[in-house]
Amino acid sequence: MNLFTKCAEFTAAQQIRDAGLYPYFHHLESRQDTEVIMEGRRRIMLGSNNYLGLTVHPEVVAAAIEATERYGTGCSGSRFLNGTLDLHIRLEDELASFLGAEAALTFSTGFQSNLAIISSLCGRNDAILCDRENHASIYDACRLSYARMYRYRHSDMDDLERALAKLPLDSGKLIVTDGVFSMSGDIARLPDIVRLARRYNAAVMVDDAHGFGVVGPGGRGTASYFGLEHEVDITMSTFSKSLASLGGFMAARSEIVDYVRHTSRPFIFSASIPPAMAAAALAALHVIEREPERVERLAALSRYMRAGLSARGVAVKDNGGADTPIVPFYTYDLIPTLTAAKKLYEAGVYVNPVLPPAAPEGECLLRTSLMATHTEALLDEAMDIIRDVLREP
């Protein structure tokens, strides 16, 4: 079999294109905001992870421009060698302080952050216990680590405990979970996870990509939401969502961070975050610290959106009552989901389709995500369009 035979035989995407239902790679012609110009037309943006609306904040934009003028466009090397700026150090110090951690370390992308952390800390003699709905980067990190991976059913603490009970008490064990799950918007059962971790001598890592800036006092994330800041061993998050930039970071005890800094191949052999991205993330962090009401506003809009969709007869996915900005609603089967996404796009509302394997067969979703800068009037306009599209035969 030729190496590229699989490429020629891959027809799924083309079949969807031929049906006129291809939902991917629409191109933006404006800033990432509550309303965008996409392929020549105004669309209400309900598919962005720009949760606090900071990608267009004047201070964040100005910081990126100033850093480019001062440092240039890139660092041309890894953090390990010539690629560390004073800006990187300042960003790490302020992230650690914001989260009440001893230390923090930045990475070039959020995906790379999980690869770097997990593959460094876990090895062949260790075990990783992974929620089935964790992000793909966690799964790839588990493979890269060569540790044994045990997948437990989503938020099923009995299943997690069964897996933990089979492992030697003195073996290396890491329970890793999303804080806020990206497809459903529900929050990890972190108090139960911490309780089991202490009982079975395991460490806990939270991927807070969708929790940082979103939940907890002042947006400090899932551990803070539950008052467990000192019970979680590692917090990871990304800059591409609430921090309006590109990159990622970990926060943990100093010795953990220092170990990853000196042993992680994805960290050592990757170029550092460009100056503009580091400066933008730092400026966004300052806005979050100064304006915690943005986090409260986001939660209020989440409640408004869920109530509004339900009142319009749209079946919103239950997320356990969490005020997270991810508000999915059921469209069930593949073709109706793609059809609804296309009709919404044509009617001026951008949403993200959630298809297998990201959703179980027969449980496809359209995922909406909110920004603190949305208005109720704009959400009402979007929800009316969603109602009308879903009512069409």
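Tutor: Let's start with a term: on a 1 Å grid over the protein atoms alone, a cavity is a set of points where a 1.4 Å probe fits but cannot get out, and its lining residues have an atom within 4 Å of a point. This is a predicted model, where local features need pLDDT of at least 70 and side-chain atom pairs 80 or more, while totals for chains, interfaces and linings use all residues. Residues are numbered from 1 along each chain as its sequence is written, and side-chain values use heavy atoms, leaving out hydrogens and water.

Student: How many cavities of 30 Å³ or more does the whole structure have?

Tutor: A search of the whole structure turns up 1. The largest cavity holds about 50 Å³ of space, a volume being the space filled by probe spheres set on grid points joined across faces, edges and corners. Its lining includes R79, T106, F107, Q112, P266 and F267. Two elements give two or more residues each to that lining, β3 (103-107) and α11 (265-268); helices (H or I, at least four residues) and strands (E, at least two) are DSSP runs numbered from the N terminus.

Student: What is the lining of the largest cavity by class?

Tutor: There are 5 nonpolar, 5 polar and 1 charged residues. Here Ala, Val, Leu, Ile, Met, Phe, Trp, Tyr, Cys and Pro count as nonpolar, Asp, Glu, Lys and Arg as charged, and the others, Gly among them, as polar.

Student: And the second largest pocket: how much space lies in it?

Tutor: About 320 Å³. A pocket is an open set of points with protein on both sides within 12 Å along at least five of seven lines. Of the 20 residues that line the second largest pocket, G100, A101, E229, H230 and V232 lie nearest its centre. The largest share of this lining, 3 residues, comes from α9, and β9 supplies at least two. By class, the lining of the second largest pocket divides into 6 nonpolar, 6 polar and 8 charged.

Student: How is a pair of aromatic rings described?

Tutor: By the distance of the centres and the angle of the planes. Rings of Phe, Tyr and Trp (its six-membered ring) pair if their centres lie within 6.5 Å; planes under 30 degrees apart are stacked, over 60 edge-to-face, the rest tilted. This rule gives 9 aromatic pairs. One of them is F98 with F212, edge-to-face at 5.6 Å centre to centre and 65 degrees between the planes. F98 sits in helix α4 (residues 86-99) and F212 in the loop between β7 and α9, 114 residues apart.

Student: Why is the pair of F212 and F249 edge-to-face?

Tutor: Their ring centres are 5.6 Å apart and their planes stand at 75 degrees, so the pair counts as edge-to-face. F249 belongs to strand β9 (residues 248-252), 37 residues from F212. F98, F212, F239 and F249 form one aromatic cluster.

Student: Is F212 buried or exposed?

Tutor: Buried, with a relative accessible area of 2%; the cut-offs are under 20% for buried, over 50% for exposed and partly exposed in between (1.4 Å probe, protein chains only). F249 comes out at 0%, so F249 is buried too.

Student: Where is the place of H210?

Tutor: H210 is in the loop between β7 (203-207) and α9 (222-225), and at 7% relative accessibility H210 counts as buried. The H210 side chain makes a polar contact with that of Y51 at 2.6 Å (N or O atoms within 3.5 Å; within protein, one able to donate a hydrogen and the other to accept it, and residues adjacent in sequence counting only if both atoms are side-chain atoms). Beyond its neighbours within four places in sequence, H210 is in contact (heavy atoms within 4.5 Å) with residues including N49, V180, K241 and R367.
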